[in-house]
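I have one model to go through today. Please have the sequence and the coordinates open, and we will start from a single contact list.

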Amino acid sequence: IGPRGEDQCTGCLIADADPNTTIDYFYTANHCLANQATAEDAEFHWLYQTASCNGAPPNLASVPRTVGADFLAGLIAGPGTDTSLVRLRQAPPAGVTYVGWSTARLGLDEELAIVHHPQGAHKHISFGKLSSWWANFYQVRWHSGATELGSSGGPLFNSSQKLIGQLRGGTAACGRPEGIDNLGRFDV
């Protein structure tokens, strides 16, 4: 996602609390979509993934795309969790997933996963463990994969595969897998 021709970030569709409705809520980092002006012409690319592990990715120009969202809420990093919630103006294509979420607190060393688009590439997944937390953020050390620029806003999942946060940033990278990332807490 991101304004046309500018930033590349990651995010996800989240399920609303009513099981009888499907509202196109999209969750990402606030430094990716900070206000209505940035949400207005944001481009959302869908199904940018491979058919199998290590498969050939599709050409980005060939995947479905929607444009525009209405900014609903956001918390900047520092006093907040670097979170944004928008409602898409166009329905996403068939075959996308609306993720469930949890506000349950995590235990140290819980196994976690992040789905993201490093450097704007096709979908990747990284696995790690919670190393610490504070008021608004979790800290995660990845043991399989790493994040890069473009991974910001990527959804963090707990061991029950529920959304619990999003990537803010950190020191992890492909060239530095031992780094630690900071992820905004969904429960905040």
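Start at Ala172, which touches Trp142, Thr147, Gly179, Ile180 and Asp181, leaving out residues up to four places away in sequence; contact here means heavy atoms within 4.5 Å. A word on conventions: this is a predicted model, where local features need pLDDT of at least 70 and side-chain atom pairs count only at pLDDT 80 or more, while totals for chains, interfaces and linings use all residues. Residues are numbered from 1 along each chain as its sequence is written, and side-chain values use heavy atoms, with hydrogens and water left out.

Ala172 and Trp142 both belong to the largest nonpolar core, which has twelve residues, including Leu106, Ile114 and Tyr138. Such a core is a set of buried Ala, Val, Leu, Ile, Met, Phe, Trp, Tyr and Cys residues joined through side-chain atoms within 4.5 Å, and buried means under 20% relative accessible area with a 1.4 Å probe, protein chains only. Strands S8 (111–116), S10 (137–144) and S12 (163–170) each give two or more residues to this core. S10 has the largest share, three residues.

A second, separate core has eleven residues, among them Ala42, Trp46, Ala69 and Val86.

Now the whole chain. The protein has one helix and 13 strands, taken as DSSP runs (H or I, at least four residues; E, at least two) numbered from the N terminus. In order, that is β-β-α-β-β-β-β-β-β-β-β-β-β-β. Buried residues are 43% of the 188. Of the contacts with a separation of 6 or more, 60% join residues 24 or more positions apart.

Note on methods: Buried < 20%, exposed > 50% of the residue type's maximum accessible area, 1.4 Å probe, protein only.
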